[in-house]
Amino acid sequence: MVKEINKGLKLKILPNGSMVEVLEQNMGNARFIWNNLLGMYFNLYLLFNFHGYPLYPNIRNFNAMLKMLKQENAFLYEGESTSQQQVFRDLNKAFTKFFKEGAGYPRFKSKKNPKQSFRIQKNGNNIRITNRRIRLAKLGYVHYRTSTEYKKLLKTSKINNVTIKRENGKYYAIVNITTTVEELEKTGKSIGIDLGLKNLATLSNGQEITNLDLKREDKMIQKYQKKLSRQKYMSKNYQKTLKKYYKWTNRKNNKIQNAYHQLSKYLITQYDIIAMENLNIKGMFKNKKWAPKLQKISLYKLLNMIKYKAEWYGKTFIQVNRFYPSTKTCNTCGYKNKNITLKTRQWTCPICKTKHHRDINAAKNILNESIKQNNLIKKRIKI
Ligand SMILES: [Zn+2]
């Protein structure tokens, strides 16, 4: 079966000096609008609330606030307008996440953040992509580099929007397109996955996927971080060090990204049903021992990749309620062992005497529980 999907293609762009200025200006505008609307909303909320009226964060209210902001700050009229409207749409989404999904309250954006961006919505002819250049209305042309596969996709697909991003000193255009994918063949196999810290992933069939070795990258990143903290901000030497620092952060991110793509593609190809636990990242961060390792592996990214690829390729992705004690339950008889701590790697069930490897047992439980919770298959799957 062929399916229509939205996909972001990340292209490296090569802006010249004056284009860099234009892009930076628009990123600055996006940040300025975000921060001002966020502050404005809070003050207006208090004012309205004082008079007994609720002021909801929604597109209409933010649009009105943007108009007010533009009247006070004429320079905003020179910027790209669809990207300015995009800011309050993103802000609105952040508020929805805060109210409905329990995410944190939207935060102010800092100029010093190495990631900056703005998004342009396709509107008539405002975005055009040729073989070598992207033309953005009001901003001009910029050269890009990408694979022949992506070039072909850009030619044949519908373009929805373009996000311009500065990440660790480099510029990218993420082109969101609508394209089609062919569903993958069914294999009739299911798998439970326990994401972790010691191993990146442990599968219910006993397979262990080790974590990436990022020691060298981390060492270099730390080295340049220390050096940066001793140098004068934005001096010549500081900028030289910053380049090296970015080179290593990029190298690390690419390594992680590639590994995640490989692993998710492998799982989607091999299995029809993939079960995982909801990640309790906040809880994990409370544990000081886990925190630095966790930052290294950004498990959310991997989880999301598996999730969207399953959807694209016609496979089933199931998340198990995280309150289910997958580590402490014996997958053979269901006995709950309260004595399992973070340090327990192996244990024997006192009831049925089964010998357990901590993470493999957890992965098996995740698979079984997902089947129960979702009532997908009536009988237990034998692994
Ligand atoms: Zn047992």
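Predicted model: local features only at pLDDT ≥ 70, side-chain atom pairs only at ≥ 80, totals over all residues.
Q: Which helix gives the most to the positive patch?
A: The positive surface patch includes Arg216, Lys219, Lys236 and Arg251 among its residues. Two helices, α6 (236-270) and α5 (215-230), each supply at least two residues of this patch. The one that gives the most, with six residues, is α5.

Q: Is Lys236 buried or exposed?
A: Lys236 lies in helix α6 and is one of the residues that form the positive surface patch. A residue counts as exposed when its relative accessible area is over 50%. Since the relative accessible area of Lys236 is 76%, Lys236 is exposed.

Q: How many of the residues of strand β9 are buried?
A: Strand β9 covers residues 199-203 and is mostly covered, where buried means a relative accessible area under 20%. Of its five residues, the number that are buried is five.

Q: Which residue in β9 stands opposite Leu195?
A: Strand β8 (residues 190-195) pairs with β9 in the antiparallel sense, over three bridges. Opposite Leu195, the residue that stands in β9 is Ala201.

Q: What is the bridge partner of Thr202 in β10?
A: Strand β10 (residues 208-210) runs antiparallel to β9, and three bridges join the two. Within β10, the bridge partner of Thr202 is Glu208.

Q: Which residue takes a positive phi in the hairpin of β9 and β10?
A: This hairpin has four residues between the strands, and the strands themselves are joined by three bridges. The residue with a positive phi, near 95 degrees, is Gly206.

Terms used: Residues numbered from 1 in each chain as written. Heavy atoms only, no water. Patch = residues over 30% accessible without salt bridge, like charges linked within 9 Å, V, L, I, M, F, W, Y side chains within 5 Å. Areas by Shrake-Rupley, 256 points an atom, 1.4 Å probe, with all protein chains shown as cover. Salt bridge = Lys/Arg side-chain N within 4 Å of Asp/Glu carboxyl O. Lys, Arg positive; Asp, Glu negative; His and termini not counted. Charge placed at Lys NZ, Arg CZ, Asp CG, Glu CD. Buried < 20%, exposed > 50% of the residue type's maximum accessible area, 1.4 Å probe, protein only. Pairing = 2+ DSSP bridges.
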